[in-house]
Amino acid sequence: MQTDTLGCETQALKDAPVANEVRQSAPVFYPGDRYCDGTNCHYSPGYWIPGHIYTVDVNLDLRRRVEQNCMAVKGYQRIQLQNCNLSIAKAAGTAQTTRLPQLSDKSCAIKNKDGSFQIVEPG
């Protein structure tokens with residue numbers, strides 16, 4: 001799976017390369033305040049805060065779709081598994097799933113500290 005994922009990520013990066021655009025959000029105007037002492041009023045001037053400058057990769061969504069399509073062509077499909085409860089996780093140990101098992105509605109996942117995972121089928 002990791003080999004297929006890397007291959008699809010690489011292909012998606014070739015087909016939809018990073019295309020960063022620099023953008024700026026709209027500036028914000030803060031109007032001045034009015035101070036009155038009973039007989040006279042004074043006004044402080046307003047001021048502008050410039051918009052925030054940020055970068056957007058405009059190909060990010062396309063790259064994700066290309067990657068998901070590549071994985072689907074290879075026979076994979078995205079699923080969501082619940083986290084295993086603590087007692088199941090302790091009983092399972094810290095192994096890593098190396099072969100994707102047949103899944104059921106009881107299947108759960110354990111994420112290891114190193115980023116790997118283990119899929120468990122509670123008995």
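By disulfide I mean a pair of cysteine sulfur atoms within 2.5 Å.

A word on the source. This is a predicted model, where local features need pLDDT of at least 70 and side-chain atom pairs count only at pLDDT 80 or more, while totals for chains, interfaces and linings use all residues. Numbering runs from 1 along each chain as its sequence is written, and side-chain values use heavy atoms, with hydrogens and water left out.

Back to the first pair. The cut-offs: buried is under 20% relative accessible area, exposed is over 50%, partly exposed is in between, with a 1.4 Å probe and protein chains only.

How many disulfides does the structure hold? There are 3. Counting bonded cysteines along the chain, the pattern is 1-4, 2-3, 5-6.

Next, Cys-8 and Cys-70. Their sulfur atoms are 2.1 Å apart. This pair links distant parts of the chain: Cys-8 is in helix H1 (residues 2-15), Cys-70 is in helix H2, and 62 residues separate them. Helices here are DSSP runs of H or I with at least four residues, strands are runs of E with at least two, and both are numbered from the N terminus. The link is left-handed, at -70° about the S-S bond. Cys-8 is buried, with a relative accessible area of 0%.

Then Cys-84 and Cys-108. The S-S torsion is about 95°, so this disulfide is right-handed. Cys-84 lies in the loop between strand S7 (82-83) and helix H3 (86-92), and Cys-108 in strand S8 (residues 108-111), so the bond ties together parts 24 residues apart in sequence. Cys-84 counts as buried at 12%. Cys-108 is buried at 6%.

Now the pockets. A pocket is an open set of points on a 1 Å grid over the protein atoms alone, where a 1.4 Å probe fits, with protein on both sides within 12 Å along at least five of seven lines; lining residues have an atom within 4 Å of a point. Of its 19 lining residues, the closest to the centre are Met-1, Tyr-76, Gln-77, Arg-78 and Ile-79. Helix H2 gives the most to this lining, with 3 residues.
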